Amino acid sequence: MNLDPLHLCLLLSAALFCAGLAGVLSRSGAIFALLGIELMLNAANLNFAAFWRHGQAAAPDPILFVLFSIAVAAAEAAVGLALVIAFYRHRRTSRLPAASRLKG
Amino acid sequence: MLGSGILKGLLVTARNFVGSFHDRERLPTVQYPEERAPVGEAFRTFPFLVSDCPADADASARLAGLRGVACQICERNCPPRCIHIEKSKDKKPDAAGKPQLYPAVFEIDISVCMGCQICVEVCPFDSIKMDKVFEIAVPRRSPELLLDRDRLSKPNAYYRRIRPSEAAAVDAARAAEQAAAKARADAAAKAAAARQAAAATPPAA
Amino acid sequence: MPVTLETFPLALRDWLCAFLPQEFHWLLSGLLVIIAILTVFGLGFAFITVAERKFLGRFQNRIGPNRVGPFGLLQPFADAVKALTKEDIVPATADKLPHFLAPCVIVSGALLCFAVLPYGRHLVPADLDAGLLYFFAAGAFTELAVFMAGWSSHNKFSLLAGIRALAQLVSYELPLLLATLPAVMAARSLNLQTIVGSQSPAAGLKAGFLPNWHLFSPWGAAGFLIFLIAAIAESNRSPFDLPEGESEIIAGHLTEYSGFKYALFFMGEYFGLIALSGFCATLFLGGWQAPYAALEVIPSWVWFGLKVAALIFTFIWIRATFLRLRMDQLMRFSWKFLLPLALINLGTAAFWLLTAHWQGAWWIALRWFAAAALVIAPYSILGRRLFRGLGARTYEYAPNN
Amino acid sequence: MIPPPLPVLAAIAAAALLTAALAMMLRNLIHSALLLVLTWVFVAFFYLWAGAPFLAFAQVVVYVGAISMVVLFAVLLTRRHDPAKPTRPASLARACSALAVSGGAFAVLAWAVLQWRPVPGNPPPAEPSVATLGAALAGPQLHALLITGVILTATLIGAALIASPVEKPDSSQ
């Protein structure tokens, strides 16, 4: 088995991504799902840094991409949690199966 | 201008800060155990018993000189009932030479006393007065705060020292009273002597 | 490098390192820096607490602690013994691990901030390229610690107070960050050493006689004041001490802490205060720079210490003067006053930096006047809006003088 | 900058994975969130390892300072009785299928990663100074920066609007 640092980084990223995926799939809490998604986004960001580190990409572009990704993740978290709060105000719960009906 | 109130407030505290280093008015703290603020003449804490004895008299002389006659007026008038008096069986001559009872037991529980001064006001003999001692902290209430005759009695000189003007008035009144009593006694003695003389020498006429 | 007072700390480090073989020099010098920071700021914390109590006393016409040791200088050690020997109470239903970790997180977060501050011309523990961002990243742990403390106590009052404290910290983090940006624009760098370098007296004096510090420019003065106010709020000090409000809500999110854990929170807050003071001195007061080139005979780290001490004295002075705000006033003040001012201040700084090449007395006067107007006009307009409808209080049954 | 040795990376990876896995398994939502904060901190350590300190600090500022706060606030605002109330997996079958799916995904990804041979690239780049990043942001990537800024502003305003309480027109009924 080849323990190249790049491979190790990519494996770490894949493992984190799958951990997030398992979390999202197994729980029905909306906030928990958002946490899992954040973890998956982080795992994806790791890849950019890893490829940049090992000279597979042009100089500062991956870094900038990760910065934008972090910014978008912040926006996503804000909107997602605002939705959860608004949903909670209507239904007094934040569990996803309760959100199957669109009619308020 | 907006914010001027903030600057004014800062100025006030800054004046306090700087002033506290040179202006006694801005640092009125008294460092208590080392320094003491003077107490006023009318300041009072708990009662004590005045004794007509020399300033440096020993315990027995102080007890002998107590003015109290065990009349129990103070005991009856004490609102929290912290005075306990037992009368003596025998009598002793008082300052005017008249035989009087004296308190065989005189106790004040100053953990109960509220310092109201009623005992002082009702005393007809100027025997009980208010003290100025305030450092009385002790580890136990009893017996440390249950003062007996021994610890209550203090010489008249002490009274004159802690309350000069009041003591002078009391002393003058007592001196006048004793003089009057002496004069009465002298007059009575003279009259008695005259009567005796008259009886001894029947009127010639 | 000749050993002068200026390079004395470095010489001391090199002298100590010489006792070890070459391979361990990096380790030992790193450890020495850590030990130096812990010692200097640990003692600084101890003596700031006693100085605060003594100065507060003076501000309030009292003497303050003066019994333990000469002039009461050993008071902090007596306090430390008291805190250490007190019983450490943990609520039975508390979430034990976060409850234990919260004080550790707050102290370590505050200590991390010390790593990037430039203490002197040659004294900066970690000369990071993104030092300013690092400072805020290390500061982010404070909020986490406050939440952990409030939540893990399992006490509804602690939780509510923790939420209030978080709301305050988050609200004032923004003006704090925005107030620092003009200094970054002026230095064209996030590196704190470069920011200090941009305020060097060698570049000439401001307006002919003022030190070349950012404080003495319109945007710098405004930024300094915004930073100072936000820093007071970030370190939970009066008049923004509602999270703790010891006279009303028994220390808020710290209600369930006692003994040494409480002392650790206290310590973390003071470390944060010292770090913010050092940061503020770095950004606006020229860091370790002497105000005039002639005064550079005094070592740079002494200048830094003097500036931090002056700032901390100001914090104590403010604490001695003002009343605690109400929660709604606190929020309104941040979002409707400080935040717009800080944003406008960015524009002012941009104007100032773009007009740096203006020459001639009239043009320079115009530059100062325009920049000052850009600061004062929004201040007065926003201030009027903030205080609209408020006036001197009148009483129905008492005569108004 | 000398790239730190592989064991450091392995330690960071182990810590990040451990905290992430624990966070996804714990019943207590607040514990999960706090552990996930730790994962994000380890990811920041990874960026430090990779030689991108600016990215690491940005990660800490945004994730520890902002996103974790929003998450924790949301947890506290949407709890009915007790935030420590466990959020169970919907069912055992669901948990198993989730594990199976993610395990399968991981197997596929790992196989792909291990199959892939990196093309010999450029030598490891020098640590980009903040100035380089700033120049790139203000130059070639300016559009991206502006778009991100607009997206952030719009979403934050939208989030505030969504989350603010709805004023009921007639609260009398």
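The predicted model scores ipTM 0.77 and pTM 0.81. The secondary structure of chain D comes to 6 helices and 0 strands, and reading along the sequence gives the pattern α-α-α-α-α-α. Chain D has 173 residues, of which 34% count as buried. Among the contacts in chain D that join residues at least 6 apart in sequence, 55% link residues at least 24 apart.

How the chains meet one another comes next. There are 3 pairs of chains in contact, and among these chains A and D share the most contacts. On this interface, 72 residues of chain D are in contact with 60 residues of chain A. The helices of chain D that each supply at least two residues to the side touching chain A are H1 (6–25), H2, H3, H4 (92–115), H5 (130–138) and H6 (142–163). Helix H4(D) provides the largest share of that side, with 12 residues. By residue type, the side of chain D that touches chain A divides into 56 nonpolar, 14 polar and 2 charged residues.

Chain D also touches chain C, in a contact that takes 17 residues from chain D and 18 residues from chain C. Here, helix H2 (29–49) and helix H3 (53–77) of chain D each supply at least two residues of the side that touches chain C. The largest share of this side comes from H3(D), which contributes 12 residues. The residues of the side of chain D that touches chain C divide into 14 nonpolar and 3 polar, with no charged residues.

Some pairs of chains do not meet. Chain A and chain C do not touch, and their nearest C-alpha atoms are 13 Å apart. No contact joins chain A and chain B either, and the closest C-alpha atoms of these two chains lie 36 Å apart.

Within chain C, the domain assignment gives domain 1 (1–85) and domain 2 (89–384). The C-alpha centres of the two domains of chain C lie 22 Å apart. Between them, 19 residues of domain 1 are in contact with 18 residues of domain 2. On the domain 1 side, helix H1 (8–17), helix H2 (25–59) and helix H3 (75–85) of chain C each supply at least two residues. Helix H2(C) gives the largest share of that side, 11 residues. The residues of domain 1 of chain C that touch domain 2 divide into 13 nonpolar, 4 polar and 2 charged.

C:Leu97 is found in helix H4 (residues 96–113) of chain C. C:Leu97 counts as exposed because it has 12 C-beta neighbours inside 10 Å, and the cut-off for an exposed residue is 12 or fewer. Along the sequence C:Leu97 and C:Tyr134 are 37 residues apart, while in space their C-alpha atoms are 27 Å apart.

Chain B brings strands into the picture. An open sheet of 3 strands in chain B has the order E6-E1-E8, with mixed pairing. Its edge strands are E6 (128–130) and E8 (153–155), each of which pairs on one side only. From one strand to the next, the twist averages 50°. Strand E1 (residues 47–51) of chain B is joined to E6(B) by 3 bridges, and the two run antiparallel. Within this pairing, B:Phe48 has B:Lys129 of E6(B) as its bridge partner.

Further pairings in chain B involve strand E5. Strand E2 (residues 83–87) and strand E5 (residues 103–109) of chain B pair in the antiparallel sense over 5 bridges, and the bridge partner of B:His84 in E5(B) is B:Glu107. E5(B) is also joined by 2 bridges to strand E7 (residues 146–147) of chain B, and these strands run antiparallel. In that pairing, B:Asp109 stands opposite B:Leu146 of E7(B).

How values were computed: Residues are numbered from 1 along each chain as its sequence is written. Chains are lettered from A and ligands numbered from 1 in the order in which they are written. This is a predicted model: local features need pLDDT of at least 70, side-chain atom pairs count only at pLDDT 80 or more; totals for chains, interfaces and linings use all residues. Two strands pair if DSSP finds at least two bridges between them. Helices (H or I, at least four residues) and strands (E, at least two) are DSSP runs, numbered from the N terminus. Axes are lines fitted to C-alpha atoms, for helices over the stretch in contact, and angles run from 0 to 180 degrees between N-to-C directions. Two residues are in contact if their C-beta atoms, placed from the backbone, lie within 7 Å. Ala, Val, Leu, Ile, Met, Phe, Trp, Tyr, Cys and Pro count as nonpolar, Asp, Glu, Lys and Arg as charged, and the others, Gly among them, as polar. Domain bounds come from an automatic or database domain assignment. A residue is buried if 20 or more other C-beta atoms lie within 10 Å of its own, exposed if 12 or fewer, and partly exposed in between; C-beta atoms are placed from the backbone.
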